[in-house]
Amino acid sequence: MAPPHTAARRIEFPLERAEARVDPEVFRRATFDHLLYTCVRDHAEASPMDLYRAMAHAVRDRLVQRWLATQRTYHQRDAKCVYYLSSEFLTGRSLGLALVNMGLWGTAQELASRWGFDLGEVLDAEGDPGLGNGGLGRLAACFMDSLATLELPAVGYGIRYEYGIFEQRIEHGQQVEHRDHWLQYGNPWELPRHDRSQLVRLYGTTRVVRDERGRMVVEWIDSRQVLGLPYDSFIVGHGTDTVNTLRLWSARATRDFDLHLFNEGDYRRAVEEKVEVENISKVLYPNDHTEEGKELRLKQQYFFVACSIADIMATFKSHSTDFRLLPERAAIQLNDTHPAIAVAELMRVLIDEEHLDWEPAWEITQRCIGYTNHTLLPEALERWPAPMFERVLPRHLMIIYEINHRFMRQVSTRWPGDMGRMARMSIIEEGYPKQIRMAHLATVGAHSINGVARLHTELVKKELLHDFHELFPERFNNKTNGVTPRRWLLYANPNLARLIAERVGEHFMEHDLAPVGNIRNFVDDPATLDALWNVKRDNKRALASELRRLTGIAVDPDSVFIVQVKRIHEYKRQLLACLELVAHYLQLKEHPNANAQPRTYVFSGKAAAGYAVAKLHIRLIHDIAEVINADPTMRDKLRVVFVPNYGVTLAQAIIPAADISLQISQAGKEASGTSNMKLALNGALTVGTLDGANVELREAIGPEHFYLFGHTVDEVRTLYKGGYDPGQFIRQSPALQRALALLQTDFFSLGEVERYASLVHHLRSNDHYMSCADFASYMTALSSAVELHADARSWSKKALMSIAGASQFSSDATIRAYANEIWGLRTVKADLSLVSQPG
């Protein structure tokens, strides 16, 4: 499938600060030089790919000076830095946003035009790095953007996956995973840093010996070594000189090739070590349904954590060897449980390599580390089988056992004889085999544990980690997620950004979206409301053209665009959206002359490769779309599109065009969500439950502008305790009865009656995520929102209030809170004079 297009129309971005610009003539000359000397192309024969690579190298060259100046400033001032550890960084394409941040967009447009291209063609030549699978990776990227823009010292650490999250294709209605070789044509944005390589150990065994001071110490012996090679990318601050670092680790064998085995004809064994080691950074989230897959995931997580801790220690030791000062120089933030092994690794380094005693090492570790929880689903909290853990990381298991032993003593002192509480709180889950609870390790080893929305944090404290909150309540805090306005407003929707800038001032984007809230002062201004309607209409026309190109499905830009774009998961309830869609289709068939607003449903998202139920939901969406789109009576009334291979670039096309944002997860399941924020910020009306950040979004927008439905967390809990019976709700809703009855036939699966039998049976008998219980109120709320679209002015008023309210959810505000309340970071302005300028 062809990749999504970058908007090809000529765009002038607001908010390009003159002082942040690069001399246009210097940029033109540099681009031409790179085209000739790097790409080895004359401009007469250059392709869009050649021009992209030339521009990317020219931009990178300009950034190198600012990056060096930033790093030298941090070093000279011995500035405290946050080290953000995340298994995902879903950054999106780099060139377009870099051009905007550096004030070079107009120059690049002119340059592309001079050589016979539209800038959109050039930007489309860049791959879309799939180094994440949704909100976790996108949040990490937003945070890195905000850290640089706020001029806060930061390094992001992760894995340089050779293959990112899979490329999703729909074949015969089903998701099929293909490799995502995002590095196929190289990556001009990264710099290999061989001088910062780190050695990582795996496997082996341990032994206890006496050191030269007569102390009993543990040695990790007979281990295998892996080389971690870092690749640095630049994170550019908007309107600042700060350029921070994203450092991704690639696994390399310490011995690539066994010449002796090769000469003996054993060619496979000659490269066996190289293949096995490099698998560590081969693929994002390998399928862990097998023991080999689980072990590979564990090695992935430890690999990047060990490399990162070693790198942090090397940076610190360039200034001091007094490790009591480490918490004053380094804040280590764990983005969910994937890097939780950092607790044990930092302890190992301090005790085994730096020879600290346990107590000071533990105090330093706790003061350095903060932990962000991102899930309320117990099954998503990682556990590792103790035998596997012992085989791969024998020294770390010893350390974890000791941490747990001391922690259990603390728990038993607080609650003597409470064996049930001790079992619940233990890092080691008893059973066969024993399991290592990584969320518990992170919670015990961190000085700060935060949730990512107010409701989520309360549920973490009351339910998920209730015992821990009782033991040390001062550690728990909330940091509601946010999104970067640079990508999700200025770059994705420049015409809306200009509309806002004309009314609230051109500096609204600089470090604070709060001024966007002032757009509500124009809620009764006809000119503003009409302009907002026209911006949305233009975005819908652009998306309609893109959907036709990507899927072959023609949609009416004047229909109501109802959008659900996110990872496919049962708790996110794409199935509920399908039930309503089928019910609406049946209503239209039953009342063909009804004056209903035309609708276009747009779905996009990936299901995990091993998640069979979620993949079945994708097939259902596709089958429903195939039937409805082929029905001639629906031509001007209803269209359904599933857009394959959802990613950042596709989101930038869909989100600005959405009329209605579906945020319909079951209350109490979503930690926060960020698509709700992006869609509202771009003027979509929200139909949603009181789940995750929806609660705060509704307050910010105003309850009267938010289409609320569904059971609350407390009501869900009451239904479960009383023995939830979905049949009760099915009997109360004729529309739901008809939809389920139709799904039970082969109407959407011609010749295969049983295709969706399991889904229907589950809904009738179990319905774990309560789609049946929330169906009626969801259908009512969505219908109310759709009906309003017939009144353009009334619709635009609510859209404007959505934009104003969503302005509270900037990642800049979130990062300020982290910096002030958890990390203790201060702004450090890059001193450009520290780097000599080229002559």
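This is a predicted model: local features need pLDDT of at least 70, side-chain atom pairs count only at pLDDT 80 or more; totals for chains, interfaces and linings use all residues.
I would like to begin at I428, which stands opposite I436 in strand 15, where strands are DSSP runs of E covering at least two residues and numbered, as helices are (H or I, at least four residues), from the N terminus. Residues are numbered from 1 along each chain as its sequence is written, and side-chain values use heavy atoms, with hydrogens and water left out.

Strand 14 pairs with strand 15, residues 435–437, in the antiparallel sense over 2 bridges, pairing being assigned if DSSP finds at least two bridges between two strands. These belong to an open sheet of 3 strands in the order 13-15-14, with antiparallel pairing, and its edge strands, each pairing on one side only, are strand 13 (383–385) and strand 14 (428–429). Helix 17, residues 438–445, packs on this sheet and touches strand 13 and strand 15, contact meaning heavy atoms within 4.5 Å. The direction of helix 17 makes about 40 degrees with that of strand 15, using lines fitted to C-alpha atoms, for helices over the stretch in contact, and N-to-C angles from 0 to 180 degrees.

Turning to N244, this residue lies in strand 10 (residues 243–253). The side chain of N244 reaches the backbone oxygen of L152 at 3.0 Å, and N244 lies 8.0 Å from L147, C-alpha to C-alpha, although the two are 97 residues apart in sequence.

Key:
A polar contact is a pair of N or O atoms within 3.5 Å; within protein, one must be able to donate a hydrogen and the other to accept it, and residues adjacent in sequence count only if both atoms are side-chain atoms.
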